[in-house]
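Here is a short report on aromatic rings and their surroundings. Look over the sequence and the model first, then read on.

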Amino acid sequence: PGGSSDRPPPAPRERAMLPTSPASSPPYTPAVLNTSLCLARTWNNAKGGQCGRSPLEGTSFCRGHLSLDRWRIHGRVDGPVPAEKLVEFEKAKPKASPKMRAIIRVE
């Protein structure tokens with residue numbers, strides 16, 4: 001009645017939030033991956049992160065990261081960090097202050 005259909009309404013685009021295991025995830029990878037976003041790893045102040053843009057339909061990457069294969073610079077967020085970029089991440093990693101090192105040793 002009233003033009004109703006037997007078909008359910010289309011499902012909203014679901015976000016799959018996948019927790020990453022610190023032991024098995026690559027370094028410089030966020031704790032949670034959002035598979036509805038571009039899967040390019042980003043610099044994120046030398047901590048590594050995930051691009052916040054939506055991927056183009058049928059791809060894993062946004063327009064910006066697909067252009068000239070820019071996603072290859074930092075790699076896929078669900079894969080290894082390219083060797084050259086890993087060196088840059090390690091060099092830029094914040095050093096613990098002497099006070100922080102003392103706290104870390106105590107615990």
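## Aromatic pairs and a histidine

Trp71 is buried, because its relative accessible area is 17%, under the 20% cut-off. The model is predicted.

How many aromatic pairs does the structure hold? It holds three. A pair of aromatic rings is described by the distance of the centres and the angle of the planes. Two of the pairs are set out here.

| Pair | Ring centres | Plane angle | Type |
|---|---|---|---|
| Trp43 and Phe89 | 4.7 Å apart | 20° | stacked |
| Phe61 and Trp71 | 4.8 Å apart | 10° | stacked |

Take Trp43 and Phe89. Trp43 sits in the loop between strand 3 (41-42) and strand 4 (49-50), while Phe89 belongs to helix 2 (residues 83-92), so the pair ties together parts that are 46 residues apart in sequence. Trp43 is partly exposed, at 28% relative accessibility. Phe89 is buried, at 0%. Together with Tyr28, Trp43 and Phe89 form one aromatic cluster.

Now Phe61 and Trp71. Phe61 lies in the loop between strand 4 and helix 1, and Trp71 in the loop between helix 1 and helix 2, so this pair links parts ten residues apart in sequence. Phe61 is buried, with a relative accessibility of 6%.

Trp71 also touches His65. Where is His65 found? His65 is in helix 1 (residues 63-66). Is His65 buried or exposed? His65 is buried, with a relative accessible area of 14%. Leaving aside residues up to four places away in sequence, His65 touches Cys38, Ala40, Thr42, Cys51, Arg53, Arg70 and Trp71.

Note on methods
Residues are numbered from 1 along each chain as its sequence is written. This is a predicted model: local features need pLDDT of at least 70, side-chain atom pairs count only at pLDDT 80 or more; totals for chains, interfaces and linings use all residues. Side-chain values use heavy atoms; hydrogens and water are left out. Helices (H or I, at least four residues) and strands (E, at least two) are DSSP runs, numbered from the N terminus. Buried means under 20% relative accessible area, exposed over 50%, partly exposed in between (1.4 Å probe, protein chains only). Contact means heavy atoms within 4.5 Å. Rings of Phe, Tyr and Trp (its six-membered ring) pair if their centres lie within 6.5 Å; planes under 30 degrees apart count as stacked, over 60 as edge-to-face and the rest as tilted.
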